[in-house]
Amino acid sequence: MRKLSLALLAGVALVGCGVDTESENQEIVSNLVKAGYPADDIKIVDGKVYAGNDAHVTYEASLEMLQSDGSAEQYRTSNLVSTAVTKICLNPTSTFNSYARLSQGLDLAIGNYNALGLRIFFARGPTTGCTANITIQTTSGSGGSAGFPSGGYPYGTVNIGTGLNTYSVDVNEHVITHEIGHAIGFRHSDYYNRSISCGSGGDEGASTVGAIHIPGTPTTAVVGGSIMNACFRSTETGEWTSSDITALNYLY
């Protein structure tokens, strides 16, 4: 059974984008280290800072991680979507829509969230009444990336690899649901040992503010135990596990 990493960073050259951007990125890295992330789990790719391989961290989000409290122990960031956000519109680009399985996977991912009757509702854009927006766009590879919430709003972009179009609709559903999970504040369920789902890799960092245990969910991960596992398999169903549902209902 082949395991496929969600990380998009392997083989990508690290580049800078000017003195101001470099300075800000170094401050983000510093903030993440202070928040408890190990330095070797933080990467700068194409001028953006990533933690846990597929979660982009903005400067504002890094500051919020420093200012929030958590418990040291399924996991979330200290940054969540505020109660002012009720309808999150997911707006795919025309290129994204041109890939049939990616497009179908987005519809199924939206259905995953809305079936739970959460206080936040997801809609496929373009549409009206949005209190927050997320652009769904393509990138290279067979994985995805997103980021953590900031200022009470979900992260504004989800990147999905066009290589996923060669996999089943269920796998596309799984990856898109996973990346939307990051955008609303979920960390990897096996953040403390990526080898559980990836076959290799270590601890992404058990921060007192960046990896807060969600009550009612396991503190340990197993293969196939959560959509939020760091890596996915070619056999994924795209459906929530019981602990995923517990976590979502607790937070939202």
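Okay, let's start with Thr77, which sits in the loop between β5 (75-76) and β6. Helices and strands here are DSSP runs, helices being H or I with at least four residues and strands E with at least two, numbered from the N terminus. Is Thr77 buried or exposed? Its relative accessibility is 0%, so Thr77 counts as buried. Buried means under 20% relative accessible area, exposed means over 50%, and partly exposed is in between, using a 1.4 Å probe and protein chains only. Thr77 and His213 are 136 residues apart along the chain, and their C-alpha atoms are separated by 9.1 Å.

Quick word on what we're looking at: this is a predicted model, where local features need pLDDT of at least 70 and side-chain atom pairs count only at pLDDT 80 or more, while totals for chains, interfaces and linings use all residues. Residues are numbered from 1 along each chain as its sequence is written, and side-chain values use heavy atoms, with hydrogens and water left out.

Now the sheet. It's an open one of 8 strands, in the order β2-β3-β4-β9-β10-β8-β6-β7, and the pairing is mixed. The edge strands, β2 (42-45) and β7 (121-124), each pair on one side only. Two strands pair if DSSP finds at least two bridges between them. For example, β3 (residues 48-51) and β4 (residues 55-56) are antiparallel over 2 bridges, and Tyr50 stands opposite His56 in β4.

Which strands does helix α4 touch? Helix α4 (residues 100-114) packs on the sheet against β6 (87-92), β7, β8 (132-139) and β10 (157-161), and its direction makes about 160° with that of β7. Contact means heavy atoms within 4.5 Å. Axes are lines fitted to C-alpha atoms, for helices over the stretch in contact, and angles run from 0 to 180 degrees between N-to-C directions. Then there's α5, lying across β6, β7, β8, β9 (144-147) and β10, at about 15° to β9.

Asp190 is buried without a salt bridge, and the nearest side chain of opposite charge, Arg194, is 6.3 Å away. A salt bridge needs a side-chain nitrogen of Lys or Arg within 4 Å of a carboxyl oxygen of Asp or Glu; Lys and Arg count as positive, Asp and Glu as negative, and His and the chain ends aren't counted. What does the side chain of Asp190 reach? The backbone nitrogen of Ala230, at 2.8 Å.

Last stop: Cys198, in helix α6. Cys198 is buried, because its relative accessible area is 19%.

Technical notes
Polar contact = N/O pair within 3.5 Å; in protein donor to acceptor, adjacent residues only side chain to side chain.
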